[in-house]
Amino acid sequence: MKGANCLVQLQRLIRLLGQSGSSAAQYGALPQFGHPHVLHNTQYQMLRRFHCSPLCSKGRRVPVEFVSKGDGENQSVVLSDLFEQLAPDIKSKASFTKVVDFFTKADVRRRGHVEFIYAALKRMPEFGVEKDLAVYNKLLDVFPKEVFVPRNFIQRMFNHYPRQQECAVQILEQMENYGITPNMETKVLLVQIFGEKGHPVRKYQRIMYWFPRFKHANPFPVPHQLPGDSVDLARFSLKRIANDLDAAVTVYQMPIVTERENQTSLPLIVGIQSPNQMELLAKHNPSKPVFVEGPFRLWLRKTCVHYYILRADPTPPEEKVEEPYDPERSFGYPLQLDLSYDRDFGDLETFDVEDLDEGPVFAMCMTSQGDQATLNQWISSLQETNPILGHIPTLFRLESGPTELQAGAQKDTDQHHGNGPEAQRDKSTPEEEEEELKSSSGMTR
């Protein structure tokens, strides 16, 4: 009875196909009806062939801009070239947003969105949008919505769509590196894309937990936008180093630029000195020299500035004189404590803290040219408020100037080709090395 029903169904299928010769050739000859098991298998194969759509075997259409020529690695290169095609000259937030909108509207299914986001993250510093929260939210909006949300606890446990989650975590890590705090829009996008229990949402929760706690932890914050003027930048840097409210910043010489050659004829000289430093310098022994040392580097975010100091050697222990302290000098905290506690058996009698005395620092300055002639002008200007400098010998201990950082790339190139200072040192003779050591360690007055 079962074989008869299968035969009736098979005849209906042949009638639907038109009982043509081509249909018979496409689906094969009729099976032997004497074996029900063979008939059942043949019918299952024919049914599966009949329900298979011919559109599934065809490749899906992909926009020409996103078709990769090779494997997956070449696809990221093609997506990176998209920024050069749509924004070849102007590198701004508007052009970056234009590229993201073009990719979003080009394909509804957002094929290749992971490679595009990675390429966009690398290009953000080039377009100057690496600190823009709206741009990061726009990159998160590239992900398809409600596709990567786990449907059950098993998918949630086995890291559902790990490649897409790692990409979203990378966006949040770049925001964390630049100190950008996400907002509520970021959370809504992450929940729509990966659900409330995804790894990107947990990364967002950790950022929102720690960022408000460490945002104002630094008592000496550096502004995001540094002063553009060289005088204002030098004044801000010197006040930050001195950390003394009584210290006065003095501009000894303003830079003068010639109109014909467009070059600086007079360098900038900005110095700082507090009343306590002036008092220490007035008590200095005139028979002992003072030293001008530098340059020392100070990093303000991504800006590097150089400063010089006027210091002396530490006072020998036998020449130190302990002055009585003034108890009314500080009412906030005592400057000296006389505490007499009996020693216990657990106390270490050999415990000692080694104090390193580096010597007093009398003044600091910043210049646009770190040569000896410019620093001589600074010392001459200091003599107006510190007359004792005219009787104290001044020695210069100068190292390489501020051009060292600017020529860093050129040094790397020279070392790569064998023309750097290390290669030249290998080619020099021992006599030349001795002369070089003497000139570098020698002091000029």
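This is a predicted model: local features need pLDDT of at least 70, side-chain atom pairs count only at pLDDT 80 or more; totals for chains, interfaces and linings use all residues.
Q: What percentage of the residues count as buried?
A: Of the 445 residues of the protein chain, 31% count as buried, and the cut-offs are under 20% relative accessible area for buried, over 50% for exposed and in between for partly exposed (1.4 Å probe, protein chains only).

Q: Let's pick a strand: how many residues of β7 are buried?
A: Six of the seven residues of strand β7, which spans residues 361–367, are buried, so this strand is largely enclosed by the rest of the structure.

Q: Which way does β4 run relative to β7, parallel or antiparallel?
A: Strand β4 (residues 269–273) and β7 run antiparallel and are joined by four bridges; two strands pair if DSSP finds at least two bridges between them. Strand β6 (residues 303–312) is also joined to β7 by four bridges, and those two run antiparallel.

Q: Which residue of β7 does Ile-272 stand opposite?
A: Ile-272 stands opposite Met-364 in β7, and Ile-309 stands opposite Met-364 as well.

Q: Now Gln-277, what does that residue touch?
A: Leaving aside residues up to four places away in sequence, Gln-277 touches Ile-272, Val-361, Phe-362 and Ala-363, with contact meaning heavy atoms within 4.5 Å. A polar atom of the Gln-277 side chain also lies 3.2 Å from the backbone oxygen of Val-361.

Q: Where is Gln-277, and why does that residue count as buried?
A: Gln-277 is in helix α13 (residues 275–282), and Gln-277 counts as buried because its relative accessible area is 17%.

Q: Switching to the surface, which residues make the nonpolar patch?
A: Phe-153, Ile-154, Met-157 and Phe-158 make a nonpolar surface patch of about 490 Å². Patches are made of residues with over 30% relative accessible area and no salt bridge, with like charges joined within 9 Å and nonpolar side chains (Val, Leu, Ile, Met, Phe, Trp, Tyr) within 5 Å; a salt bridge is a side-chain nitrogen of Lys or Arg within 4 Å of a carboxyl oxygen of Asp or Glu.

Q: And Met-157, buried or exposed?
A: Met-157 counts as exposed because its relative accessibility is 55%, and Met-157 lies in helix α8 (residues 153–157).

Q: What about the backbone, where is the cis peptide bond?
A: The peptide bond from Gly-294 to Pro-295 is cis, with omega near 0°, and Pro-295 lies in strand β5 (residues 290–300).

Q: What is phi of Arg-301?
A: Phi of Arg-301 is near 60°, a positive value in a residue other than glycine. Arg-301 is found in the loop between β5 and β6 and counts as partly exposed at 40% relative accessibility.

Key:
Residues are numbered from 1 along each chain as its sequence is written. Side-chain values use heavy atoms; hydrogens and water are left out. Accessible areas come from the Shrake-Rupley method with a 1.4 Å probe; for residues, only the protein chains shown count as cover. A polar contact is a pair of N or O atoms within 3.5 Å; within protein, one must be able to donate a hydrogen and the other to accept it, and residues adjacent in sequence count only if both atoms are side-chain atoms.
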